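Dear colleague,

I am handing over a structure for you to look at, and you will find it directly below. My notes on what was found in it follow after that.

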Amino acid sequence: MERWGITVDGDALSFVEIFGAGASGGAGNVVLDIGFGGGEALIELAETRPHETVVGIDVHTPGIAAVLVAVEARGLRNVRVVEGDVLDFVRRIPAGSIAAIRVFFPDPWPKRRQRGRRLIRPEVVDEMVRLLRDGGSIHLATDDAGYAAQMRHVCDAHGALYGGPIPRPPWRPVTRYEQRALDEGRPAADLAYRTSDSSPNDSSSAFR
């Protein structure tokens with residue numbers, strides 16, 4: 001963590017200082033991966049999409065350890081890891097500095113009394129939009145139909161976002177969590193939004 005980690009608290013970040021202006025992917029194509037769980041998807045995408053630099057954040061210590069092991073073993077110099085709450089960490093991220101945000105299979109908090117704890121809610125999406133550069137993207141995935149409906153309602157209602165449900169992208173890895181859901185008959189819903197209404201044939205990761 002001393003080498004590949006970023007602390008939750010501190011001054012505003014400079015992605016040029018973190019990744020280097022000349023690094024593969026560079027500071028201009030930063031992806032924020034929120035709640036990466038066991039780290040399988042983050043690791044695979046970091047390997048197969050070296051044009052992206054990835055900042056992954058989670059509170060799950062075994063997943064963080066798995067990502068750090070992969071960074072060292074596979075030479076994934078385009079990855080940094082944060083251990084903590086994303087709602088605290090975003091204070092360090094400059095506005096307009098993120099190319100894409102991924103939220104794959106966040107905790108669905110299925111009980112009615114818990115739903116206020118779901119991550120995808122209006123004030124959090126407002127903060128995500130603040131972080132995104134023009135044309136930046138948000139890619140969400142969940143196997144909970146009720147949460148998928150909430151995600152769509154919140155994002156559709158945001159005046160700066162354009163998009164909606166998309167077919168499952170072939171490049172999105174199947175994690176152990178998703179496979180378990182598939183085995184139980186719960187296919188994932190993918191939703192992709194961007195901060196402009198241009199053609200989806202662009203560089204936003206959620207549309208490739």
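This is a predicted model: local features need pLDDT of at least 70, side-chain atom pairs count only at pLDDT 80 or more; totals for chains, interfaces and linings use all residues.

Residues are numbered from 1 along each chain as its sequence is written, and side-chain values use heavy atoms, with hydrogens and water left out.

On confidence, the pLDDT (the predictor's confidence in each residue, from 0 to 100) averages 90 over the chain, and 89% of the residues score at least 70. Over residues 199-207, however, the pLDDT is below 50, and this stretch has 28 contacts in the model beyond near neighbours in sequence.

As for the chain as a whole, there are seven helices and seven strands, and read along the sequence they follow the pattern α-β-α-β-α-β-α-β-α-β-α-β-α-β. Of the 208 residues, 50% count as buried, and among contacts between residues at least 6 apart in sequence, 78% join residues at least 24 apart.

Returning to α2, helix α2 (residues 40-48) packs with helix α3 (residues 61-74) at an angle of about 25 degrees, with their axes 10 Å apart; the axes are lines fitted to C-alpha atoms, for helices over the stretch in contact, and angles run from 0 to 180 degrees between N-to-C directions. That makes α2 roughly parallel to α3, since angles under 35 degrees count as roughly parallel, over 145 as roughly antiparallel, 65 to 115 as roughly perpendicular and the rest as oblique. In this contact, L42, I43 and E47 of α2 meet A66, V67, A70 and R74 of α3. These residues divide into five nonpolar, no polar and two charged, where Ala, Val, Leu, Ile, Met, Phe, Trp, Tyr, Cys and Pro count as nonpolar, Asp, Glu, Lys and Arg as charged, and the others, Gly among them, as polar.

Also in helix α3 is A65, which counts as partly exposed at 39% relative accessibility. A65 and M1 are 64 residues apart in sequence and 9.0 Å apart in space, C-alpha to C-alpha. G39, in the loop between β1 and α2, counts as buried at 0% relative accessibility, and G39 lies 26 residues from A65 in sequence and 8.9 Å from A65 in space, again C-alpha to C-alpha.

Two further residues may deserve a look. F105, in the loop between β4 and α5 (122-131), has a positive phi of about 55 degrees although it is not a glycine, and F105 is buried, with a relative accessible area of 13%. S196, in the segment after β7, counts as buried at 16% relative accessibility and touches D134, G135, A160 and Y162, not counting residues up to four places away in sequence.

Key:
Contact means heavy atoms within 4.5 Å. Helices (H or I, at least four residues) and strands (E, at least two) are DSSP runs, numbered from the N terminus. Buried means under 20% relative accessible area, exposed over 50%, partly exposed in between (1.4 Å probe, protein chains only).
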